[in-house]
Amino acid sequence: LERHIASGDVALDVGAHIGEFTLLAASRGATVHAFEPDPANATLLRANRAGADVPGSVTVHECAVTESDGRMRFLAHHNPSLSALWTEERAAGDAVTIEVRGMRLDALDLPRVDVIKIDTEGALLGQLIVQVLEAGGVKTQNKLQLGNTTIVRNALLAGQIDLYPEYTGSGASFHADEKNGAWKQLGAGYQ
């Protein structure tokens, strides 16, 4: 990804966490808009930015990128990969429910965007699948972000859900085979 970022580019980091991609893009001279709804992560992101000597500029937006502006509930979890926008199905567990600001990307009114990095815990992939299915006339019930891999896998096996978008690395936990080196080799994980 680094080779696609040039000085003067405008980059969006959606789900910025503590700023790894943000600082990478800024180190290449990009103007970066970093979006992070979790207040603890946003604080660390600002501290990391303040401590980094990078040529690009960084604006931290402490908010979730959403389809409408406004306040919404967010589940802040000690494990950042389990933090997500609140849904009734996800409300259980040891996450803390807080209120965060939601913001549409077009509210920035940027003249252009050159690079977008999105890490929203599978929400984007799930939304794309729902939109494709609905565009094809398939009736869907959107239950995205129900929980972590273990919770959703159990729901899938129990027939409570029909489709679960996941990443290749989760296959290791599905098969209780995390130590197998195949999961660290792109092609081998599919065999």
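A word on the model comes before the tasks. This is a predicted model, in which local features need pLDDT of at least 70 and side-chain atom pairs count only at pLDDT 80 or more, while totals for chains, interfaces and linings use all residues. Residues are numbered from 1 along each chain as its sequence is written, and side-chain values use heavy atoms, with hydrogens and water left out.

**Exercise 1. Helix H2**

Task: Check the span of helix H2 and find out which of its residues are buried.

Solution: 
- Step 1. Helices are DSSP runs of H or I with at least four residues, strands are runs of E with at least two, and both are numbered from the N terminus.
- Step 2. The expected span is 1.5 Å times one less than the number of residues. For the 12 residues of H2 (residues 39-50) that gives 16 Å, and the end C-alpha atoms are 16 Å apart, which agrees.
- Step 3. Buried means under 20% relative accessible area, exposed means over 50%, and partly exposed lies in between (1.4 Å probe, protein chains only). In H2, the buried residues are Asn41, Ala42 and Leu45.
- Step 4. Looking down the axis of H2, these buried residues fall within an arc of 100°, so they line one face of the helix. The arc is taken from the directions that run from the helix axis to the C-beta atoms.
- Step 5. Helix H1 (20-27), strand E2 (31-35) and strand E3 (58-61) are included in what covers them.

**Exercise 2. Helix H1**

Task: Find the buried residues of H1 and what they pack against.

Solution: 
- Step 1. Phe21, Thr22, Leu23, Ala25 and Ala26 are the buried residues of H1.
- Step 2. Their packing partners are strand E1 (10-14), E2, H2, E3 and strand E8 (115-118).
- Step 3. Just after H1, look for Gly29, which has a positive phi of about 95°.

**Exercise 3. The largest nonpolar core**

Task: Which residues of the largest nonpolar core touch the most other members?

Solution: 
- Step 1. A nonpolar core is a set of buried Ala, Val, Leu, Ile, Met, Phe, Trp, Tyr and Cys residues joined through side-chain atoms within 4.5 Å.
- Step 2. The largest one has 14 residues, and Ile5, Ala11, Phe21, Ala25, Ala30 and Val32 touch the most other members.
- Step 3. H1, E2 and E3 each give two or more residues to this core, and the largest share, 3 residues, comes from H1.
- Step 4. Now zoom in on Ala11. Contact means heavy atoms within 4.5 Å. Leaving aside neighbours within four places in sequence, Ala11 is in contact with Phe21, Ala25, Ala30, Thr31, Val32, His33 and Val115.

**Exercise 4. Salt bridges**

Solution: 
- Step 1. A salt bridge is a side-chain nitrogen of Lys or Arg within 4 Å of a carboxyl oxygen of Asp or Glu. The structure holds 5 of them.
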